[in-house]
Amino acid sequence: MKTLKSILTATFAVLALSSAAFALPPGKGGPEITTKAQFAELKGGDKVTLVCKMCDSHTVVDIKDTASAMKLCEEGSKIHCPTCKKDYKVTWGNPKSGGPTTTMTIVDENGKPCMAYIKAS
Ligand SMILES: [Zn+2]
């Protein structure tokens with residue numbers, strides 16, 4: 001009986017571990033980076049995750065320095081998604097009013113938000 005009990009305990013421990021692993025999808029990290037101030041806080045050695053909401057792919061981007069981080073969010077920058085095989089565009093314009101906004105959006109050719117940068121932890 002004693003042996004059976006320890007086998008059961010071990011089985012439960014394994015089950016608990018594997019469910020914990022499933023609860024953490026890869027690439028899901030911190031909050032989305034959408035403002036100039038957030039990009040300006042990035043420095044060399046930081047990592048951000050580029051998430052494509054169209055194909056659910058995650059690409060880790062190494063930040064070389066603050067200047068290269070600012071380049072990521074430049075108005076009109078093209079971001080290529082190798083999975084969608086499409087280029088998406090960085091925009092600071094409000095798709096509804098057409099006016100400028102304080103948050104960056106990455107949109108597809110129809111102006112639909114499709115990608116986001118997330119601070120990698
Ligand atoms: Zn994609």
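Modeller: Start with burial. Of the 121 residues in the protein chain, 14% are buried. Buried means that 20 or more other C-beta atoms lie within 10 Å of a residue's own; exposed means 12 or fewer, partly exposed is in between, and C-beta atoms are placed from the backbone. This is a predicted model: local features need pLDDT of at least 70, side-chain atom pairs count only at pLDDT 80 or more, and totals for chains, interfaces and linings use all residues. Residues are numbered from 1 along each chain as its sequence is written.

Next, the layout. The protein chain has three helices and seven strands. Their order along the sequence is α-β-α-β-β-α-β-β-β-β. Helices (H or I, at least four residues) and strands (E, at least two) are DSSP runs, numbered from the N terminus.

Now the core itself. A nonpolar core is a set of buried Ala, Val, Leu, Ile, Met, Phe, Trp, Tyr and Cys residues joined through C-beta atoms within 7 Å. The largest one has 15 residues. Phe39, Val48, Leu50, Cys114 and Met115 touch the most other members. Strands β2 (47-52), β6 (100-107) and β7 (113-119) each give two or more residues to this core. β2 gives the most, with four.

Look at Val48. Set aside its neighbours within four places in sequence. Val48 is then in contact with Ile33, Leu42, Val61, Ile63, Tyr117, Ile118, Lys119 and Ala120. Contact means that two C-beta atoms, placed from the backbone, lie within 7 Å. Across the protein chain, consider contacts with a separation of 6 or more: 49% of them join residues 24 or more positions apart.

Stay with β2 and move to Cys52, which is found in that strand. Cys52 counts as buried because it has 20 C-beta neighbours inside 10 Å. Beyond residues up to four places away in sequence, Cys52 touches Ser57, Cys81, Thr83, Cys84, Cys114 and Met115. Cys52 and Tyr117 are 65 residues apart along the chain, and their C-alpha atoms are separated by 8.9 Å.

Follow the chain on from β2. Asp56 lies in the loop between β2 and β3 (57-62). Asp56 counts as exposed because it has 10 C-beta neighbours inside 10 Å. Asp56 is not a glycine, yet its phi is positive, about 65°.

Lys85 sits in another loop, between β4 (78-81) and β5 (86-93). Lys85 is not a glycine either, and it has a positive phi of about 55°. With 8 C-beta neighbours inside 10 Å, Lys85 counts as exposed.
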